[in-house]
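Hi,

Here's the structure I said I'd pass on.

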Amino acid sequence: MKISTTDLKQVAQLANLEVAEHERQQLAEQLSQIVNYVEQLKGLDTDNVEPTAQVQINTTPPKRKDNVEERTGSSNTHNKGSLFKVPRVITER
Amino acid sequence: MNLKNLSIDGLAALYRKREVTVTEIVNGLYQEIEEIDGALHVYLTNCRESALADAQKVDKILQTEDDVSPLAGIPVAIKDNMAISGIRMTCGSRILENYKPPYTATAVERLKKMGAIIIGKTNLDEFAMGSSTENSGFFPTRNPKDQDRVPGGSSGGSAASVAAGLSVVALGSDTGGSIRQPASFCGVVGMKPTYGRVSRYGLVAFASSLDQIGPFSKTVRETARLLEIISGFDPYDSTSVNVPTDDWLSSIDGGVSGARIGIPKEYFVKGLDPDVKDKVERGIQLLEDIGCRIEEVSLPHTEFAIATYYLIATAEASSNLARYDGVRFGLRVSEGNSLQEMYRQTRMTGFGEEVKRRILLGTYALSAGYYDAYYLKAQKVRTLILRDFQEAFKKVDLIVTPTAPTTAFKIGEKTGNPLSMYLSDIFTITCNLAGLPGISVPCGKDSFGMPVGMQLIGNHFREDQILQTAHKFEEAGGFEQ
């Protein structure tokens, strides 16, 4: 499976990552190489196999009372109390 | 005072005999760090002020009380992806270069309660993604046995700190081998517990279904002691399993006669360095000499482990690293006009190449149209890998393999080819996928004098068998063979 620079751009958009122009070709090639490698899993018969998302899932995870714990968070220069100032969210009319 | 020759018990004895104080040891250690860490780059942050304050407290306690934990006054290094309240935690990344967590990881808290002295935060591959510590956003750490070589990764700093005598013991984290492989490269003991054994609260998540915290030390006894302290149910970690912590320190002196050891034939194939093969085979022979029964087993899906891991781990990482967006903490690059621009610029500037590569790979594997073929498929193969081990553990108690296919490679040797770097995880990755405990112990040296590591893998929650056998191996001279 070859990953083109267009594919790369779409995936980068999903991941909120910017990839510099001069890095795109090499990164697309590296990702293609890795994806080619992982494609070998396709040959395995997994028709009746359940996926394992996590080993030893706690079937009855413990519960606790819903108490709010106050915690002074590490602040950057952009917060006022519990609010954070960010650039505009909606940019199109 | 060179900590290279002191174990926890050795140093604890000196304290109790009043031959040296904790304050003296800690001061001496920071002097040593000043002298040699400029070249090695083990530490990202020194905790000198708090360490000396703690040292004074412990000195007072040692003077007045009798029943004090052997961990009291013992210098410990902590990998810089575990939170300590008020102390900078970078995760080896520029995106967290100045971040200070508001809370402390449970595993670290448990060590501190015993009076351990936190010396500093150690270097790592950025967000624990790597096998050489060369992916650190700051600098690579050098192997104390040969400074032209890598210490392994991602917990390279922690492994090197113990090997170089810049701490007595250390904590690292292991997602695909990140404790065991650097332990092997640096000639120390490193262990990953069963998934769920040690709380992940305060460990910055890379791949949540694979990550575990574990100890580095020079001897198996110290590893057993550390594991006892840091293990145990934690209500702050929903994946923490409520099983009792065993009395490993007492049980490691038991015998191993008749312990059944499986050697998986798929692990002794080409690509394995001949010196590594030779030393591990001698190690297996020694295990037989001390009373273990050796037999061949098969783990038929071994060859698919790396592909499985690099789909699952990167997918989980792409989700876990979405929080680094410049909004609430960490680096913020706000040169653009919109929130989206801020996200993209921040992450482009703050993340290194390998992190970006893995996030992109993970995002791709989870994206519409590819989820079934990649991520879901990998989860199914993971079940097959788990079943391989379950079958094998019906016949044997432990599985023994080399820890890594080579000894420590040279700095820069594998950075040009990401896939070749990934392949060096081949022997350690299956443990994480299956949630099994595994230890790497030193097992001689190669023809360049570089340490070789041997791995012992146990069944779920059977750290006792691993520690017992590893301890007997050590006592029989296995580390130096």
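**What I found**

Helix α1(A) is followed by Asn16(A), which has a positive phi, near 50°. Bear in mind throughout that this is a predicted model.

Staying with that helix for a moment: α1 of chain A spans residues 5–14, and its buried residues are Leu8(A), Val11(A) and Ala12(A). They sit on the same side of α1(A), because the arc they cover around the axis is only 100°. What do these buried residues of α1(A) pack against? Two helices, one from each chain: α2 (21–38) of chain A and α12 (353–366) of chain B. On the face of α1(A) turned away from the buried side you'll find Thr6(A), Lys9(A) and Leu14(A), which are exposed.

That leads on to the interface. Chain A puts 53 residues in contact with 72 residues of chain B. Between them the two chains bury about 5,500 Å², and 64% of that is on carbon and sulfur atoms. I get 14 residue pairs in polar contact between chain A and chain B, counting pairs with both residues at pLDDT 80 or more, while the salt bridge count between the chains is zero. On the side of chain A that touches chain B, the elements giving two or more residues are α1 and α2 of chain A. The largest share of that side comes from α2(A), with nine residues.

Over in chain B, take a look at strand β10 (residues 438–445). It is largely enclosed by the rest of the structure, since seven of its eight residues are buried. β10(B) has an antiparallel pairing with β5 (residues 189–192) of chain B, over three bridges, and there Met191(B) stands opposite Ile439(B). β10(B) also runs antiparallel to β11 (residues 451–458) of chain B, joined by six bridges; here Pro442(B) has Gly453(B) as its bridge partner. The hairpin of β10(B) and β11(B) has five residues between the strands, and Gly449(B) takes a positive phi near 85° in it.

Is Thr430(B) buried or exposed? Buried, with a relative accessible area of 1%. Setting aside neighbours within four places in sequence, Thr430(B) is in contact with Tyr267(B), Ala305(B), Ile385(B) and Phe389(B).

Cheers

Conventions:
Residues are numbered from 1 along each chain as its sequence is written. Chains are lettered from A and ligands numbered from 1 in the order in which they are written. This is a predicted model: local features need pLDDT of at least 70, side-chain atom pairs count only at pLDDT 80 or more; totals for chains, interfaces and linings use all residues. Side-chain values use heavy atoms; hydrogens and water are left out. Buried means under 20% relative accessible area, exposed over 50%, partly exposed in between (1.4 Å probe, protein chains only). Helices (H or I, at least four residues) and strands (E, at least two) are DSSP runs, numbered from the N terminus. The arc is that of the directions from the helix axis to the C-beta atoms. Contact means heavy atoms within 4.5 Å. Two strands pair if DSSP finds at least two bridges between them. Buried area is the accessible area (1.4 Å probe) that two parts lose on being put together, summed over both. A salt bridge is a side-chain nitrogen of Lys or Arg within 4 Å of a carboxyl oxygen of Asp or Glu. A polar contact is a pair of N or O atoms within 3.5 Å; within protein, one must be able to donate a hydrogen and the other to accept it, and residues adjacent in sequence count only if both atoms are side-chain atoms.
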